[in-house]
Amino acid sequence: MRLTTKGRYAVTAMLDLAIHAQQGPVSLNDISGRQGISLSYLEQLFAKLRRSELVASVRGPGGGYRLNRAPELLNVADIVDAVNESIDATRCNRRGNCQDGHECLTHHLWCDLSEQIHGFLAGITLASLIEREEVRATAGRQNQLRHNRIAALESHDEIA
């Protein structure tokens with residue numbers, strides 16, 4: 001069972017958005033800078049998140065993205081589902097053709113595990129993640145690093 005980069009990055013970006021939501025719309029460039037996710041990849045993910053109505057885009061100066069629901073109402077499974085990421089522990093993508101075109105002996109076990117994992121992720125909201133001390137500490141470190149990088153670039157521009 002594995003969650004691919006698409007699902008991991010979507011959850012990471014949405015958590016970043018939720019953490020910084022009180023500051024107004026959050027730009028993908030800011031998320032990219034803090035999380036080390038390419039801007040073009042974020043654009044692809046946020047197009048899917050927007051289509052699933054988990055986020056809304058805000059145009060114009062100071063624009064970016066905002067959550068379409070309160071963090072208490074957004075769970076990790078919603079995000080993973082929105083980017084078309086399946087949580088599947090089977091080798092056959094639940095098709096039941098695992099062994100010579102038929103179900104293998106443990107097919108239903110792996111299907112059940114997939115459902116348990118999805119249920120687990122459905123029970124975790126962005127708000128519950130934000131409340132975690134280690135998440136807040138990591139977000140603080142990322143903000144400081146981003147601030148330091150921007151300050152260094154600005155001072156380099158002043159010198160040049």
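Colleague: Which element gives the largest share of the lining of the largest pocket?

Modeller: Helix α1 does, with three residues. Helices (H or I, at least four residues) and strands (E, at least two) are DSSP runs, numbered from the N terminus. This is a predicted model, in which local features need pLDDT of at least 70, side-chain atom pairs count only at pLDDT 80 or more, and totals for chains, interfaces and linings use all residues. Residues are numbered from 1 along each chain as its sequence is written, and side-chain values use heavy atoms, with hydrogens and water left out.

Colleague: How is a pocket found, and which residues line the largest pocket?

Modeller: Rolling a probe the size of a water molecule over the atoms shows where empty space is left. On a 1 Å grid over the protein atoms alone, a pocket is an open set of points where a 1.4 Å probe fits, with protein on both sides within 12 Å along at least five of seven lines; lining residues have an atom within 4 Å of a point. Here the largest pocket is lined by Leu3, Arg8, Val11, Thr12, Val76, Leu121, Ile124 and Leu129. The space in the largest pocket is about 200 Å³, a volume being the space filled by probe spheres set on the points, which are joined across faces, edges and corners.

Colleague: What is the class make-up of the lining of the largest pocket?

Modeller: Six lining residues are nonpolar, one is polar and one is charged. Ala, Val, Leu, Ile, Met, Phe, Trp, Tyr, Cys and Pro count as nonpolar, Asp, Glu, Lys and Arg as charged, and the others, Gly among them, as polar.

Colleague: Is Thr12 buried, partly exposed or exposed?

Modeller: Thr12, found in helix α1, has a relative accessible area of 30% and is therefore partly exposed. The cut-offs are under 20% for buried and over 50% for exposed, with partly exposed in between (1.4 Å probe, protein chains only). Leaving aside neighbours within four places in sequence, Thr12 is in contact (heavy atoms within 4.5 Å) with Gln35 and Ile37. Val76 lies 64 residues from Thr12 in sequence and 9.8 Å away in space, C-alpha to C-alpha.

Colleague: What lines the second largest pocket?

Modeller: Its lining consists of Ser27, Leu28, Glu43, Ser57, Val58, Arg59, Gly63, Gly64 and Tyr65. Two or more of these residues come from each of β1 (55-58) and β2 (64-67). The volume is about 150 Å³, and the lining has three nonpolar, four polar and two charged residues.

Colleague: How is a helix pair read, and at what angle do α1 and α3 cross?

Modeller: Two packed helices are described by the angle between their axes and the distance between the axes. Axes are lines fitted to C-alpha atoms, for helices over the stretch in contact, and angles run from 0 to 180 degrees between N-to-C directions. The axes of α1 (residues 5-19) and α3 (residues 39-51) cross at roughly 80° and come within 10 Å. Therefore α1 is roughly perpendicular to α3, the term for angles of 65 to 115 degrees. From α1, the contact uses Thr5, Lys6, Tyr9, Ala10, Ala13, Met14 and Leu17, and from α3, Tyr41, Leu42, Leu45, Phe46, Lys48 and Leu49. By class, this contact has 10 nonpolar, one polar and two charged residues.

Colleague: Which residues of α2 are buried?

Modeller: In α2 (residues 28-35), Leu28, Ile31, Ser32, Gly33 and Arg34 are buried. Asn29, also placed in helix α2, is partly exposed at 45% relative accessibility. Beyond neighbours within four places in sequence, Asn29 is in contact with Leu39 and Arg146.

Note on methods:
Parallel < 35°, antiparallel > 145°, perpendicular 65-115°, else oblique.
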